[in-house]
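Please look over the sequence and the model shown below, and keep both at hand while reading. The paragraphs that follow go from a pair of helices to an aromatic pair and then to some details of the backbone.

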Amino acid sequence: MTVVFPEHARAAAIAGAHAYAVPMAYVHGSDHRRDLYYAARALDNTFYVLACNAVDGPQPWRFSGGSAIYDPEGQSMGQAPGSGEGLVVADLDPEFMGRTRAVHRMLADLELARVS
């Protein structure tokens with residue numbers, strides 16, 4: 001799972017991504033990590049994260065659903081249920097992302113550190 005490695009999302013943000021769409025495969029019992037990782041990647045990189053998880057299935061691979069969209073501040077914009085099919089839809093606002101990046105300057109500060 002690429003999202004557990006912050007460097008993958010950071011590389012996408014540095015390359016200019018405004019959104020980071022990633023599949024996931026979290027089973028029941030790991031929901032806390034699922035929700036934490038994806039919100040953190042959104043906040044770390046001040047971009048949108050669209051996370052799509054598998055749902056249901058036989059044990060021990062009973063997936064926990066919970067697909068979600070996170071805004072550049074790491075806040076959930078909507079989350080699908082933990083069982084059964086679901087759909088999450090949100091408007092991704094590049095102006096909100098720009099305002100967020102103006103306040104939370106992680107990417108700009110990183111770029112300054114790389115140049116120095």
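At roughly what angle do the axes of helix α1 and helix α2 cross, and within what distance do they come? Before the reply, some conventions: this is a predicted model, in which local features need pLDDT of at least 70 and side-chain atom pairs count only at pLDDT 80 or more, while totals for chains, interfaces and linings use all residues. Residues are numbered from 1 along each chain as its sequence is written, and side-chain values use heavy atoms, with hydrogens and water left out.

The axes of α1 (residues 6-14) and α2 (residues 31-45) come within 10 Å and cross at roughly 40°; here helices (H or I, at least four residues) and strands (E, at least two) are DSSP runs, numbered from the N terminus, and axes are lines fitted to C-alpha atoms, for helices over the stretch in contact, with angles running from 0 to 180 degrees between N-to-C directions. That angle makes α1 oblique to α2, since angles under 35 degrees count as roughly parallel, over 145 as roughly antiparallel, 65 to 115 as roughly perpendicular and the rest as oblique. The crossing of α1 and α2 is right-handed, a term used if the near helix is turned clockwise from the far one by less than a right angle, and left-handed if anticlockwise.

Where the two helices meet, Pro6, Ala9, Arg10 and Ala13 of α1 are in contact with Arg41, Asp44 and Asn45 of α2, contact meaning heavy atoms within 4.5 Å. By class, this contact of α1 with α2 has three nonpolar, one polar and three charged residues, where Ala, Val, Leu, Ile, Met, Phe, Trp, Tyr, Cys and Pro count as nonpolar, Asp, Glu, Lys and Arg as charged, and the others, Gly among them, as polar. Asn45, in helix α2, counts as buried because its relative accessibility is 0% (buried means under 20% relative accessible area, exposed over 50%, partly exposed in between, with a 1.4 Å probe and protein chains only). Leaving aside neighbours within four places in sequence, the contacts of Asn45 include Arg101 and Leu107.

Thr46 is placed in the loop between α2 and β2 (48-53), and Thr46 is also buried, with a relative accessible area of 1%. Beyond its neighbours within four places in sequence, Thr46 contacts Pro72, Met97, Thr100, Arg101, His104, Met106 and Leu107.

A pair of aromatic rings is described by the distance of the centres and the angle of the planes. The count for this model comes to three aromatic pairs, under a rule by which rings of Phe, Tyr and Trp (its six-membered ring) pair if their centres lie within 6.5 Å, with planes under 30 degrees apart counted as stacked, over 60 as edge-to-face and the rest as tilted. Tyr26 and Tyr38 form an edge-to-face pair, at 6.2 Å centre to centre and with 80° between the planes. Tyr26 lies in the loop between β1 (19-24) and α2, and Tyr38 in helix α2, twelve residues apart. Tyr26 is buried at 2% relative accessible area, and Tyr38 is buried at 1%.

Most residues other than glycine have a negative phi, and most peptide bonds are trans. Thr46, which is not a glycine, has a positive phi of about 45°, and Asp56, in strand β3, has a positive phi near 60°. The peptide bond from Gln59 to Pro60 is cis, with omega near 0°, and Pro60 is placed in the loop between β3 (55-56) and β4 (63-64).
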